[in-house]
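Please look over the sequence and the model below before reading on. The paragraphs that follow go from the overall layout to one helix and then to the nonpolar core.

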Amino acid sequence: MPKQDAAARAVDAGAVAAQAVNDYGLNSTQAIGALRAADNATRDAQAQGCTRADFDAEHARRR
């Protein structure tokens, strides 16, 4: 499950980043911080072996 958990954290961080961009604009401090957090979560997930398929599966699970 660690791989699935890592993918879920990355998807969560991406959703937060998307909301921050919508709320505050792309160049806002809030959006930039959220985008960095999403990037870090994605890199962490990839380091644990997550692939595009894992991220796609997590997105599909949430629909």
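**Layout of the chain**

Read along the sequence, the protein chain follows the pattern α-α-α, with three helices and zero strands in total, where helices (H or I, at least four residues) and strands (E, at least two) are DSSP runs numbered from the N terminus. This is a predicted model, in which local features need pLDDT of at least 70 and side-chain atom pairs count only at pLDDT 80 or more, whereas totals for chains, interfaces and linings use all residues. Residues are numbered from 1 along each chain as its sequence is written, and side-chain values use heavy atoms, with hydrogens and water left out.

Taken along the principal axes, the C-alpha atoms of the protein chain fill a box of roughly 35 × 25 × 15 Å. The accessible surface of the chain comes to about 4300 Å² (Shrake-Rupley method, 1.4 Å probe), and 51% of that surface belongs to carbon and sulfur atoms. Of the 63 residues, 27% count as buried, a term that means under 20% relative accessible area, while exposed means over 50% and partly exposed lies in between (1.4 Å probe, protein chains only). Among contacts (heavy atoms within 4.5 Å) between residues at least 6 apart in sequence, 65% join residues at least 24 apart.

In α2, Ala31, Ala34, Ala38, Ala41 and Ala45 are buried. Because they cover an arc of only 90° around the axis, judged by the directions from the helix axis to the C-beta atoms, they lie on the same side of α2. An α-helix has 3.6 residues a turn, so residues three or four places apart point the same way. On the other side of α2, Thr29, Arg36, Arg43 and Ala47 are exposed. What covers the buried residues of α2 includes α1 and α3 (52-62), and just after α2, Gly49 takes a positive phi of about 100°.

**The nonpolar core**

A nonpolar core is a set of buried Ala, Val, Leu, Ile, Met, Phe, Trp, Tyr and Cys residues joined through side-chain atoms within 4.5 Å. Of the 13 residues in the largest such core, Ala10, Ala45, Cys50 and Phe55 touch the most other members. α1 (2-24) and α2 (29-47) each supply at least two residues of this core, and the largest share, six residues, comes from α1. Not counting residues up to four places away in sequence, Ala10 touches Ala41, Thr42, Ala45 and Phe55.
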